[in-house]
Amino acid sequence: MRRALPLLVLVGALLVGCGQASDDDSGTDAEAGGGSVAATSITIEVRTDADAEPTTMTLECDPTGGDHPQAQEACDALASAGADVLEPVPADQACTMIYGGPQTATVKGTVDGADVDATFTRENGCEVDRWERLGTTFFDVPLQ
């Protein structure tokens, strides 16, 4: 019994120590640094036409941030459209050949923790639909 008692005390101390480390480590690394990590953190690059200089904006959602001029509205538009809007149009998708304009955009980063690298155009009805699901506020470009 004398040998078992120190072993039980040691095991008990380890369990208590593990529980305390677990409690102290309940926050995220970002919280330890004083900030929080956004669930969505993306860079949006927009060109109004092929020869135009790109406009680049950052957008963070949950919490809202970045330098996008209408960040909360852009986050709302992304949430409303759903993450599938960032998926490319399937190659076998039939699309109307309605030209929507010369605007193009790329969206890169993470959305709800998933990596994204999406390209947007307005070259046909399917692409126009994707663009419009996010809206002009998201891309911060007025359309003709």
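The following paragraphs lead the reader through the structure shown above, from its overall plan to some individual residues.

The structure is a predicted model, in which local features need pLDDT of at least 70 and side-chain atom pairs count only at pLDDT 80 or more, while totals for chains, interfaces and linings use all residues. Residues are numbered from 1 along each chain as its sequence is written, and side-chain values use heavy atoms, with hydrogens and water left out.

Confidence in the model is expressed by pLDDT, the predictor's confidence in each residue on a scale from 0 to 100. The average pLDDT of the protein is 81, and 74% of the residues score at least 70. Residues 4–34 have a pLDDT below 50, and this stretch has three contacts in the model beyond near neighbours in sequence. Contact here means heavy atoms within 4.5 Å.

The secondary structure comprises four helices and four strands. Both kinds of element are DSSP runs numbered from the N terminus: helices are runs of H or I with at least four residues, and strands are runs of E with at least two. Read from the N terminus, the order of the elements is α-α-β-β-α-β-β-α. Among contacts between residues at least 6 apart in sequence, 53% join residues at least 24 apart.

The protein exposes about 9200 Å², of which carbon and sulfur atoms supply 53%; accessible areas come from the Shrake-Rupley method with a 1.4 Å probe, and for residues only the protein chains shown count as cover. A residue is called buried under 20% relative accessible area, exposed over 50%, and partly exposed in between (1.4 Å probe, protein chains only). Of the 144 residues in the protein, 29% are buried.

A nonpolar core is a set of buried Ala, Val, Leu, Ile, Met, Phe, Trp, Tyr and Cys residues joined through side-chain atoms within 4.5 Å. The largest such core has 25 residues, and Phe 138 and Phe 139 touch the most other members. Two or more residues each are given to this core by β1 (40–47), β2 (55–61), α3 (71–81), β3 (104–111), β4 (114–120) and α4 (125–139). The largest share, six residues, comes from α3. Which residues does Phe 138 contact, once its neighbours within four places in sequence are left aside? They are Ile 42, Ile 44, Met 57, Leu 59, His 68, Ala 74, Ala 77, Leu 78 and Val 107.

Two packed helices are described by the angle between their axes and the distance between the axes. The axes of α3 and α4 come within 8 Å and cross at roughly 170°. The two helices are therefore roughly antiparallel to each other. Contact is made by Glu 73, Ala 74, Ala 77, Leu 78 and Ala 81 of α3 with Arg 133, Leu 134, Thr 137 and Phe 138 of α4. Axes are lines fitted to C-alpha atoms, for helices over the stretch in contact, and angles run from 0 to 180 degrees between N-to-C directions. Angles over 145 degrees count as roughly antiparallel, under 35 as roughly parallel, 65 to 115 as roughly perpendicular and the rest as oblique.

Ala 81 lies in helix α3 and is buried, with a relative accessible area of 12%. Not counting residues up to four places away in sequence, Ala 81 touches Arg 133 and Leu 134. The C-alpha atoms of Ala 81 and Arg 130 are separated by 8.8 Å, although the two residues are 49 residues apart along the chain.

In helix α4 one finds Glu 127, which is buried at a relative accessible area of 12%. Apart from residues up to four places away in sequence, Glu 127 touches Val 89, Thr 119, Phe 120, Thr 121 and Arg 122.

Most residues other than glycine have a negative phi, and most peptide bonds are trans. Where is Asp 62 placed? Asp 62 lies in the loop between β2 and α3, and its phi is near 60°, a positive value in a residue other than glycine. A cis peptide bond, with omega about 5°, joins Asp 62 and Pro 63. With 58% relative accessibility, Asp 62 counts as exposed. Asp 140, in the segment after α4, likewise is not a glycine and has a positive phi, of about 50°. Asp 140 is partly exposed, with a relative accessible area of 35%.
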